[in-house]
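This briefing concerns a predicted model and is arranged by topic. Please consult the sequence and the structure shown below alongside the text.

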Amino acid sequence: MIHLDHLPDALADEKLIKVYRRHPITALGLMASLIVILILPIASFIVIKINNPEILNDQALSTLMVLGGGLFFMFAILFIYQHFMDYWLDVWIVTNRRIINIEQNGLFSRTISELRLYRIQDVTSKVDGFVRSMLHFGMVYVQTAGEKHYFVFEDVPDPTGIAKNILHLAEIDRQEHMEEAMETMGQTSADKHPAIREKTATHLEP
Amino acid sequence: MIPLIYFVLAWLIFLGIFFLLSALSIFQMLRHGLAHPLTQISTAAFIILSVVIILGTLGYLAGVDLNGSLDLNSLLRLDQSLL
């Protein structure tokens, strides 16, 4: 399991800001159709009971219906579970240093990508369509310098807020990164100074 | 006439496939899921529901004479009653 206290390849001073997932309505669409499918065997049983109840007295036929119905329900709940898994395992983890995108496609395909916040140049949010506008969820596109492909948050709730949040965090990280770079440069120059001074001193000795 | 035991054997084969797919799904969920109560709750609900369905079917099968056989005419009657 992924523990948010111990992120994979955690960086120094890295703190978790937020975990984003797709809006639950994106998972509910198929769930609703599956519930309708689950009602079908029950409806068939009721129709048989009304139209031809003596069929249910046939033990062989009843056994066949129980076996078939059992298998139908078992595979239906397995399908629902796998669909939930597909929704649940897709996450975008935002820390004060980077964005981690974990994407699960089916049972055996898994993609993990990460992006350092200081490299972010442009963040765009997009809400299109009736359902997305009503429930206020959509896409967030994050682009880095020199790269053509986007880092995409798909169907996340409040994309505008997320875009603002990422830009703000990227700005802070960029400043810290600059300070770190300046400090490193400063130290390097200071290290060089005594050596230069010594060399100059030996040349100046009579 | 088709012996009932053939249907039970087919059911057992599908049950094996179901176990395999379920084990893989649960393994992936517990391995890659975030440490969150919903990860455990959904997995527990899936396992409990599956066990209830399997035990219910097995309980029904325990009271059935598996030496019996299915008449194809009764299958046609079932089809007619559904349509």
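In chain A, strand 3 and strand 4 form a hairpin with 3 residues between them, and A:Gly106 in the turn has a positive phi of about 70°. Strands (E, at least two residues) and helices (H or I, at least four) are DSSP runs, numbered from the N terminus. This is a predicted model, in which local features need pLDDT of at least 70 and side-chain atom pairs count only at pLDDT 80 or more, while totals for chains, interfaces and linings use all residues. Residues are numbered from 1 along each chain as its sequence is written, and chains are lettered from A and ligands numbered from 1 in the order in which they are written.

**Hairpin of chain A**

- Strand 3 (residues 98-105) of chain A runs antiparallel to strand 4 of chain A, and 8 bridges join them; two strands pair if DSSP finds at least two bridges between them.
- A:Ile102 has A:Ile112, in strand 4 of chain A, opposite it.
- Strand 4 (residues 109-116) of chain A lies largely in the open, because 0 of its 8 residues are buried. A residue is buried if 20 or more other C-beta atoms, placed from the backbone, lie within 10 Å of its own C-beta atom.

**Overall make-up of chain A**

- Chain A contains 4 helices and 7 strands, in the sequence pattern β-α-α-β-β-β-β-α-β-β-α.
- Buried residues make up 18% of the 206 residues of chain A.
- Of the contacts in chain A between residues at least 6 apart in sequence, 54% join residues at least 24 apart; a contact requires C-beta atoms, placed from the backbone, within 7 Å.

**Nonpolar cores**

- The largest nonpolar core has 18 residues, of which A:Val140, A:Ile162 and A:Ile166 touch the most other members. Such a core is a set of buried Ala, Val, Leu, Ile, Met, Phe, Trp, Tyr and Cys residues joined through C-beta atoms within 7 Å.
- Among the elements of chain A that give two or more residues to this core are strand 5 (120-126), strand 6 (137-144) and helix 4 (159-204). Helix 4 of chain A gives the most, with 5 residues.
- Residues touched by A:Val140 include A:Val123, A:Phe153 and A:Ile162, not counting residues up to four places away in sequence.
- A second, separate core of 8 residues includes A:Ile80, A:Tyr81, A:Trp88 and A:Leu89.

**Contact between chains A and B**

- The contact takes 35 residues from chain A and 33 residues from chain B.
- Helix 1 of chain B supplies the largest share of the side of chain B that touches chain A, 13 residues.

Note on methods:
A residue is buried if 20 or more other C-beta atoms lie within 10 Å of its own, exposed if 12 or fewer, and partly exposed in between; C-beta atoms are placed from the backbone. Two residues are in contact if their C-beta atoms, placed from the backbone, lie within 7 Å.
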